[in-house]
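Hi,

Here is the structure I promised to pass on to you. Have a look at it first, and then read my notes below.

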Amino acid sequence: MPTLILVRHGRSTANTSGVLAGWTPGVALDERGAGQAAALPGRLAGLPLTEVVTSPLQRCQETVRPLLDARPDLRAHTEERIGECHYGDWSGRKLAELKDEPLMDVVQAHPTAAAFPGGESMRAMQHRAAEAVREWNARVERDHGADAVYLMCSHGDIIKSLVADALGLHLDLFQRISVEPCSVTAIRYTRLRPFLVRLGDTGDLASLAPHETPPEGDAPVGGGAGAP
């Protein structure tokens, strides 16, 4: 079965302004995010990619554009099911103010019980994304063979939930996973089990350095802005 390269979109204007974007329209890459996207073709130069599948949201479309420009032979597809979690009434709100919402504790500690007001549950988010991957695995294998490599560009919580699915990790533990903007995560699928072969690889170790402000114990909903 194929190898899936999961790319989180580059840093966005919502990441830097501390806003939970969700499906809010018009959220673009910021200057750093655009630079991350521009570097992506070089980072992936050694991979024989067969397809590019992307979330419909602007920040993902902008992230894969340099790669598609560099490889005009690649076919690009938009996949709704790997779009961001539908945060409903939380969309567009500041993360700092959402910290005081009682639901945030549930999102952090018991995400299988978390459903966003006016939006979707985290269980539904994981289910739709995992179903999309399984269907694309079958399609890519059919069209390109069992050793094919393809790419999906998606969002922090989606990618974390797919990693949890691949590892057989309960969704209640998925907040322990971290994927920075424009990081690369690779999952090699086989008939019996998936193998996680890369996780959140940015090629940059700066995020491992001590922060001036110590990081909080809670996971950043939506994925966070990455290294300063």
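**What I found**

Among contacts (heavy atoms within 4.5 Å) in the protein between residues at least 6 apart in sequence, 72% join residues at least 24 apart. Please keep in mind that this is a predicted model, where local features need pLDDT of at least 70, side-chain atom pairs count only at pLDDT 80 or more, and totals for chains, interfaces and linings use all residues. Residues are numbered from 1 along each chain as its sequence is written, and side-chain values use heavy atoms, with hydrogens and water left out.

On confidence, pLDDT (the predictor's confidence in each residue, from 0 to 100) averages 92 for the protein, and 89% of the residues score at least 70. Helix H3 (residues 58–70) has the highest confidence, at 98, while helix H4 (residues 95–98) has the lowest, at a mean of 93.

**Overall layout**

The protein has seven helices and six strands. Helices (H or I, at least four residues) and strands (E, at least two) are DSSP runs, numbered from the N terminus. In that direction the elements run β-α-α-β-α-β-α-α-α-β-α-β-β. Of the 228 residues in the protein, 50% are buried; buried means under 20% relative accessible area, exposed over 50%, and partly exposed in between (1.4 Å probe, protein chains only).

Which strands pair with E1? Two strands count as paired if DSSP finds at least two bridges between them. Strand E4 (residues 149–154) runs parallel to E1 and is joined to it by six bridges, with Leu151 as the bridge partner of Ile5. Strand E5 (residues 184–189) pairs with E1 in the antiparallel sense over five bridges, and there Val7 stands opposite Val184.

**The nonpolar cores**

A nonpolar core here is a set of buried Ala, Val, Leu, Ile, Met, Phe, Trp, Tyr and Cys residues joined through side-chain atoms within 4.5 Å. The largest one has 37 residues, and Trp90, Phe116, Met122, Tyr150 and Met152 touch the most other members. At least two residues of this core come from each of E1, helix H5 (102–109), helix H6 (122–144), E4, helix H7 (156–167) and E5. H6 gives the most, with eight residues. Leaving aside residues up to four places away in sequence, Met152 touches Leu4, Ile5, Leu6, Val7, Val53, Ile82, Ala132, Val133 and Trp136. There is also a second, separate core of 17 residues, which includes Leu44, Leu49, Val52 and Leu68.

**An aromatic cluster**

Rings of Phe, Tyr and Trp (its six-membered ring) pair if their centres lie within 6.5 Å; planes under 30 degrees apart count as stacked, over 60 as edge-to-face and the rest as tilted. How many aromatic pairs does a search of the whole structure find? It finds two.

Tyr87 and Phe116 form an edge-to-face pair, 4.9 Å centre to centre with 90 degrees between the planes. Tyr87 lies in the loop between strand E3 (75–78) and H4, and Phe116 in the loop between H5 and H6, so this pair ties together parts that are 29 residues apart in sequence. Tyr87 is buried at 1% relative accessibility, and Phe116 is buried at 3%.

Trp90 and Phe116 also form an edge-to-face pair, at 5.3 Å centre to centre and 65 degrees between the planes. Trp90 is buried too. Together, the ring pairs link Tyr87, Trp90 and Phe116 into a cluster.

**Cysteines**

A search of the whole structure finds zero. Cys60 is buried, with a relative accessible area of 0%. For Cys182 the closest cysteine sulfur is also in Cys153, at 7.2 Å, again too far for a bond. Cys182 is buried as well, at 1% relative accessibility.

Lastly, Arg142 sits in helix H6 and is exposed, at 62% relative accessibility. The C-alpha atoms of Arg142 and Met1 are separated by 9.5 Å, although these residues are 141 residues apart along the chain.

Best wishes

Notes:
A disulfide is a pair of cysteine sulfur atoms within 2.5 Å.
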